[in-house]
Structure formats: structure tokens, C-alpha cells
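Visitor: Please walk me through how to read the strand pairing and helix packing here.

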Amino acid sequence: MATVHPKKNPLVELTAGEIMQPSVITVGRRTPIAEVERVLADHRISGCPVTDETGHIVGVISQRDLIERYAEGEDRLSKEGFYDVPSWDTDEEYGTKAVPDTAEDVAGDLMNADVHAVEKESTVPEVARLMMKHAVHRVLVKHAGKYIGLISSTDVLRAVAAMR
């Protein structure tokens with residue numbers, strides 16, 4: 001009698017190192033918030049790591065951080081409770097200018113200092129579990145004690161969509 005093996009799931013074997021973005025856009029801790037907003041829009045990303053003066057990652061800042069700080073009233077929230085921000089999958093201008101010209105904050109003032117990371121060998125399900133546990137949309141990838149890339153929730157979805 002033949003032994004029945006469960007169907008292999010290639011997603012379980014896919015690693016963080018295989019789906020990460022090796023080129024990571026960052027902003028400095030002292031970068032003015034208006035510049036952070038421009039960087040996010042120019043690169044069509046929803047957030048990025050924040051570095052200190054020596055280039056070490058000390059936090060993460062997102063478009064949501066900007067909106068939560070500067071949005072006035074409930075105008076910016078849809079009925080479902082989501083922020084009204086155009087999608088980067090459309091031809092709309094990315095992001096809605098949230099930062100007033102008079103803002104004096106810098107990235108370090110609004111960043112989240114909790115940096116979540118996975119090892120390069122971590123599997124995609126492990127990455128997804130970490131994102132869900134901490135309710136974050138991006139995690140850094142480490143190898144030999146250094147950050148070598150970034151995985152966004154879009155990267156995880158792209159990996160899942162590519163599975164056959």
C-alpha cells in the first residue's frame with residue numbers, strides 16, 4: 001500500500017530572505033515631517049525605518065503616523081474607520097497631504113521606536129504571524145546581527161499570490 005504524503009506547501013518553505021526588499025528607503029531621526037511625507041509619496045511607500053546620526057535604525061514611521069498627528073476632525077476617516085488615502089495601485093497621486101506647512105515636528109517625534117524584525121531564514125508564515133501579533137505592516141530582516149532588508153505586508157501578499 002502506498003503511503004499518502006500531505007501536499008507540500010511551498011509557502012511554508014519560502015523565507016524572509018527570498019521575499020524581502022533589499023533596498024530600504026530610510027529617513028533620519030531629524031528629518032522634518034514635511035520631508036518624510038514627500039519621501040513616502042515619491043517612493044510610493046506607506047512607511048519606512050528611521051535612522052539615527054550613525055545610520056542605525058531606531059524606529060519606523062508611517063503615513064498613518066502623519067495622518068493621526070495632523071488630520072483634523074473625522075473628515076479623514078471613512079465610514080469603515082479607515083483613513084482616506086489613495087491606493088498606490090492606482091494612477092491617483094499617492095497619499096493625501098496631511099502635514100501642514102507650519103509643522104515643526106521631525107521623524108523622531110512621530111516614529112514608533114518598536115522595531116520588529118525577523119531573521120533571514122524565517123518562513124513567510126512566521127513573518128505573517130509577527131506582523132499580526134504586533135499589528136504592523138512592515139518588519140525588518142536581519143542576518144548576522146545586521147538589518148539587510150524589509151518586508152511589507154504587500155510583499156507577503158505578493159508571495160501568497162504567486163503560489164500555485
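Visitor: Which residue in strand 3 does T51 stand opposite?

Guide: Two strands pair if DSSP finds at least two bridges between them. Here T51 faces I57 of strand 3. Strand 2 (residues 47-51) and strand 3 run antiparallel, joined by five bridges. The model is predicted: local features need pLDDT of at least 70, side-chain atom pairs pLDDT 80 or more, while totals for chains, interfaces and linings use all residues. Residues count from 1 along each chain as its sequence is written, and side-chain values use heavy atoms, without hydrogens and water.

Visitor: What order do the strands of the open sheet have?

Guide: Strands are DSSP runs of E, at least two residues; helices are runs of H or I, at least four; both are numbered from the N terminus. The three strands are ordered 1-2-3, with mixed pairing. Strand 1 (27-28) and strand 3 (57-62) are the edges, each pairing on one side only.

Visitor: Which strands does helix 3 touch?

Guide: Contact means heavy atoms within 4.5 Å. Helix 3 packs on the sheet and touches strand 1, strand 2 and strand 3. Its direction makes about 75° with that of strand 3.

Visitor: How are two packed helices described?

Guide: By the angle between their axes and the distance between the axes. Axes are lines fitted to C-alpha atoms, for helices over the stretch in contact; angles run from 0 to 180 degrees between N-to-C directions. Helix 3 (residues 33-43) packs against helix 4 (residues 63-70) at about 135°, axes 10 Å apart. I33, E37 and L40 of helix 3 meet Q63, L66 and Y70 of helix 4.
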